[in-house]
Amino acid sequence: MSDLVTRAQLIMLAELLDVEPERLRHLERLGAEGLRTLRERISDRLFDEQAAVFARLNKLAPLVPNGVVAKLSQAIVPPLVAGRAAGSLGVDNPGRATAVLSDLSAEYMADCAPYLDQRTVAVLAPTIPVDVLVPAANELMRRKAYVTASWFLDYSTSELVLGLEEGITDKAGLLHTTALVQSDERLDEIIRILPIERVAVIVRTAVSSPDLLMAGLSVLSRLSPELTASLGDVLFDELDDDGLTDVLRTVVERDAVTELLTVAAALRPAALARLAANPYLTEPGTLEMFVLRAAEEDYWVGIDRVAEHLTGEAARLLEERLRQVRPAAS
């Protein structure tokens, strides 16, 4: 869901400025893309101001053995300093970056990761071997540092994506991380890289808690329609009737109706029929919520597809409300 991505951008901005996210809550109105632009401009300014210092460090880098760099860094260099310096050093000395990272503990790498210049993550991530990155990724999962982990997923090669999915043991954490990938196009690419049976494991994880359901729904609502349809089948196969009711209640309570309607627009007929037959969905209050959200977004495809599968009083009620609301919204 877009709110989840917006929240992630707010957290990244808060980490960059070393403040609590609540202090920046008023900036949520900028939306995910606006916050991303603001964060990147601030980040670029901060790192560019230190470029001269980093340049002097780069001249010293070839004089110090890799093992010494790693040992001294972990012993005396604070993660904030190491993270901010590591990006520049790694870009200018890419061959050495991998060697030094191989000598660092997963814990120290996780400590430093939030302080990296994200421009350098784009350069470094594709060069880091899977066996070096996976332990640090698992440490980030343990810390629930999903926002930071998502940076590396954003820029990983196909080989690295496959290795991370296989090596990360916390599939719930992996779902949270995947949901925070910034670009819809990149998210679609990542899901397509993975074999469908491995994606299915991640999708099935979504039904285990309300928070995971929101993450899973966010992913499904941002994918291309044919991929959403395929994974929607996986999700609906996992749910019995009571489970589907719980999902719908959570969607309404968490105000994620817009995301569900986006998913519904891509679902195949069998999944739509189950959705439309659910007693909770056909309650007047639930239908009214769906109509209001469709009107707010001026997005009617999802609710029209649900309407095609409704019968009886629910079909009549929805048709009447759509006649009342749609002209005013268009």
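Visitor: What should I know before I start?
Guide: Welcome! This is a predicted model, where local features need pLDDT of at least 70 and side-chain atom pairs count only at pLDDT 80 or more, while totals for chains, interfaces and linings use all residues. Residues are numbered from 1 along each chain as its sequence is written, and side-chain values use heavy atoms, with hydrogens and water left out.

Visitor: How are helix α12 and helix α14 oriented to each other?
Guide: Helices here are DSSP runs (H or I, at least four residues), numbered from the N terminus. Axes are lines fitted to C-alpha atoms over the stretch in contact, with angles from 0 to 180 degrees between N-to-C directions. Helix α12 (residues 171–179) and helix α14 (residues 196–205) have axes 9 Å apart, at an angle of about 90°. Since 65 to 115 degrees counts as roughly perpendicular, α12 is roughly perpendicular to α14.

Visitor: How many residues of the contact of α12 with α14 are nonpolar?
Guide: Contact means heavy atoms within 4.5 Å, and this one joins Lys171, Ala172, Leu174 and Leu175 of α12 to Val201, Ile202 and Thr205 of α14. Ala, Val, Leu, Ile, Met, Phe, Trp, Tyr, Cys and Pro count as nonpolar, Asp, Glu, Lys and Arg as charged, and the others, Gly among them, as polar. Besides one polar and one charged residue, the nonpolar ones number five.

Visitor: Which residues in α13 does α11 meet?
Guide: The axes of helix α11 (residues 158–167) and helix α13 (residues 184–193) come within 9 Å and cross at roughly 65°. From α11, the residues taking part are Ser158, Val161 and Leu162. Their partners in α13 are Arg186, Ile190 and Ile193.

Visitor: Is Glu139 buried or exposed?
Guide: Glu139 lies in helix α9 (residues 130–142) and touches Ala106, Glu107 and Ala110, not counting residues up to four places away in sequence. Buried means under 20% relative accessible area, exposed over 50% and partly exposed in between (1.4 Å probe, protein chains only). At 8% relative accessibility, Glu139 is therefore buried.

Visitor: Which residues have the most contacts inside the largest nonpolar core?
Guide: A nonpolar core is a set of buried Ala, Val, Leu, Ile, Met, Phe, Trp, Tyr and Cys residues joined through side-chain atoms within 4.5 Å. The largest has 90 residues. Those with the most contacts inside this core are Leu275, Ile303 and Leu310.

Terms used. Helices (H or I, at least four residues) and strands (E, at least two) are DSSP runs, numbered from the N terminus. Angles under 35 degrees count as roughly parallel, over 145 as roughly antiparallel, 65 to 115 as roughly perpendicular and the rest as oblique.
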